[in-house]
Amino acid sequence: MAITLKDIAKRANVSQATVSRIINNKADGQVSAEVAERVKAAASALKYRSNQIVHKLDNILPDNSPARASRKIVMLIPTDNSHGEGNSFFEDAFAGALNAAGANGWRLEFCPVTLNNNPLNVDWEHLNNLEPDCRILAVSPWYMVILSELSRRGFRIAMIQGEEFWRNMYAPLTRNWMVFTYCNRRAAAVATDYLLKQGCRKIAVAAISQYMNEPEYPRVNGYLDALREHGNTNVRIIPVALRADNRAVILEAYRQESFDGLIMSGGDFLPELPESVKIVIDRQARPQYAAGVEAFLYYPMRQIGFDATAALMSDDYKPEEILFECPLKTFN
């Protein structure tokens with residue numbers, strides 16, 4: 001009987017995702033030396049063998065071979081050109097998925113799921129042509145209707161999602177999938193806590209206006225969590241536009257009522273605020289700014305993409321939810 005990552009994880013008392021990182025040499029800075037040694041010792045004791053032979057066979061199999069076709073990850077994207085829009089959040093998840101697939105001799109392909117970025121206008125013709133033994137990777141619960149149908153058809157699914165928005169509502173639908181959740185509510189709380197400990201007393205948060213009426217907005221809820229914990233009643237929420245230059249909006253909000261701390265999206269341009277205002281960037285996988293920014297929240301999308309793909313390829317795929325913290329990192 002072949003030894004699986006699940007066997008190693010059980011023996012080493014760690015998660016399967018941790019075993020995958022260590023086995024595939026992707027654990028730098030992610031796990032302690034003690035945990036890495038424990039996993040390696042467990043793998044050695046169980047006489048675990050990697051699938052290097054499979055990799056070599058894949059190199060000599062023709063493209064139309066059934067053996068090659070069965071080792072394919074399909075990454076769902078909104079439209080046929082959405083992966084080229086410079087979205088670092090998506091690009092990092094894709095890079096991690098590509099690394100995992102390539103290291104194990106699998107192919108990774110895009111599949112556009114809508115005709116015009118509208119979840120009600122699904123490209124079923126494209127989806128109906130998916131090979132029945134491919135594995136499905138989704139970077140958002142935005143595809144929930146599509147994922148539910150693909151799950152009904154028997155496809156193996158891994159979904160990446162945030163800690164809130166539709167997570168709690170969708171939980172009953174995802175019980176047969178692997179779900180990889182980045183803790184963005186907790187991240188917003190960490191950012192707020194950091195600014196409070198830096199001496200800020202009037203902290204503002206820039207929130208996307210079209211999400212303000214959502215039942216669960218992680219950035220706002222995490223911000224409010226931290227303020228309540230510290231007994232701070234100075235709540236300041238600045239509505240901003242999605243994918244827009246919001247510098248004038250934030251600057252005007254400051255002129256109307258000053259603040260000494262700001263949490264804002266990593267994709268926004270920095271407003272020209274006084275140097276005394278401390279800024280934390282939220283959701284910035286690859287920081288582009290340093291001047292005027294105290295710290296940024298690191299979303300490990302590359303690692304999440306890698307782990308989700310590794311789980312889809314694994315012989316011991318097990319439906320569960322795995323949480324990823326989004327640590328705060330300073331520029332000092």
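Visitor: Which residues form one aromatic cluster?
Guide: Phe90, Phe94 and Phe110 do. Keep in mind that this is a predicted model.

Visitor: And how many aromatic pairs are there by the count?
Guide: The count comes to six aromatic pairs. One of them is Phe180 with Phe324, a tilted pair with 6.4 Å from centre to centre and 35° between the planes.

Visitor: Where do Phe180 and Phe324 lie?
Guide: Phe180 is in strand β5 (residues 178–182) and Phe324 is in strand β11, so the pair ties together parts that are 144 residues apart in sequence.

Visitor: Are those two buried or exposed?
Guide: Phe180 is buried, and Phe324 is buried as well.

Visitor: OK, strands. What is the order in the open sheet with parallel pairing?
Guide: That open sheet has six strands, in the order β2-β1-β3-β4-β5-β11. Its edge strands are β2 (107–112) and β11 (320–324), and each of them pairs on one side only. From one strand to the next, the twist averages 20°.

Visitor: How many bridges join β3 to β4?
Guide: Four bridges, between β3 (residues 135–138) and β4 (residues 156–162), and the two strands run parallel. To find the place, look for Ile136, whose bridge partner in β4 is Ile157.

Visitor: What does a sheet use to pair its strands?
Guide: Strands pair through backbone hydrogen bonds, in either a parallel or an antiparallel way.

Visitor: Now the sheet with mixed pairing. What is the strand order there?
Guide: The order is β7-β6-β8-β9-β10-β12, six strands in an open sheet. Strands β7 (236–240) and β12 (328–330) are at the edges with a single partner strand each, so one side of each has no neighbour in the sheet. On average, neighbouring strands are turned by 25° against each other, direction ignored.

Visitor: Which strand pairs with β12 in the antiparallel sense?
Guide: Strand β10 (residues 295–297), over three bridges. Within that pairing, Ala295 stands opposite Thr330 of β12.

Visitor: Which strands does helix α10 touch?
Guide: Helix α10 (residues 184–197) packs on the sheet and touches β6 (203–208), β8 (261–265), β9 (278–282), β10 and β12. The direction of α10 makes about 155° with that of β8. Helix α12 (residues 247–256) also packs on this sheet, where it touches β6, β7 and β8. Its direction makes about 150° with that of β7.

Visitor: Why is β8 described as largely enclosed?
Guide: Because five of the five residues of β8 are buried, it is largely enclosed by the rest of the structure.

Visitor: How many bridges does β8 have with β6, and how many with β9?
Guide: With β6 there are three, in the parallel sense. With β9 there are five, and those strands run parallel too. For landmarks, Ile203 stands opposite Gly261 in β8, and Leu262 stands opposite Ile279 in β9.

Visitor: Change of topic. Where does Arg219 lie?
Guide: Arg219 is in helix α11, which covers residues 218–229.

Visitor: Is Arg219 buried or exposed?
Guide: Buried, because its relative accessibility is 9% and the cut-off for buried is under 20%.

Visitor: What does the side chain of Arg219 make a polar contact with?
Guide: The side chain of Asp282, at 2.8 Å. A polar atom of the Arg219 side chain also lies 2.7 Å from the backbone oxygen of Ala206. Leaving aside neighbours within four places in sequence, the residues in contact with Arg219 are Ala188, Val205, Ala206, Met264, Ser265 and Asp282.

Visitor: What about Ile146, which helix is that in?
Guide: Helix α8 (residues 144–152). Ile146 is buried, with a relative accessible area of 3%. Not counting residues up to four places away in sequence, Ile146 touches Leu76, Val113, Val122, Trp124 and Leu127.

Visitor: How many residues apart in sequence are Ile146 and Thr114?
Guide: They are 32 residues apart in sequence, and 9.8 Å apart in space from C-alpha to C-alpha.

Visitor: Last one. What lies over the face of Tyr298?
Guide: Lys329 does, at 4.2 Å from the ring centre.

Methods. Residues numbered from 1 in each chain as written. Predicted model: local features only at pLDDT ≥ 70, side-chain atom pairs only at ≥ 80, totals over all residues. Heavy atoms only, no water. Buried < 20%, exposed > 50% of the residue type's maximum accessible area, 1.4 Å probe, protein only. Polar contact = N/O pair within 3.5 Å; in protein donor to acceptor, adjacent residues only side chain to side chain. Contact = heavy atoms within 4.5 Å. Pairing = 2+ DSSP bridges. Axes fitted to C-alpha atoms, helices over the stretch in contact; angles between N-to-C directions. Phe/Tyr/Trp six-rings, centres within 6.5 Å; stacked < 30°, edge-to-face > 60°. Lys NZ or Arg CZ within 6 Å of the ring centre and 35° of its normal.
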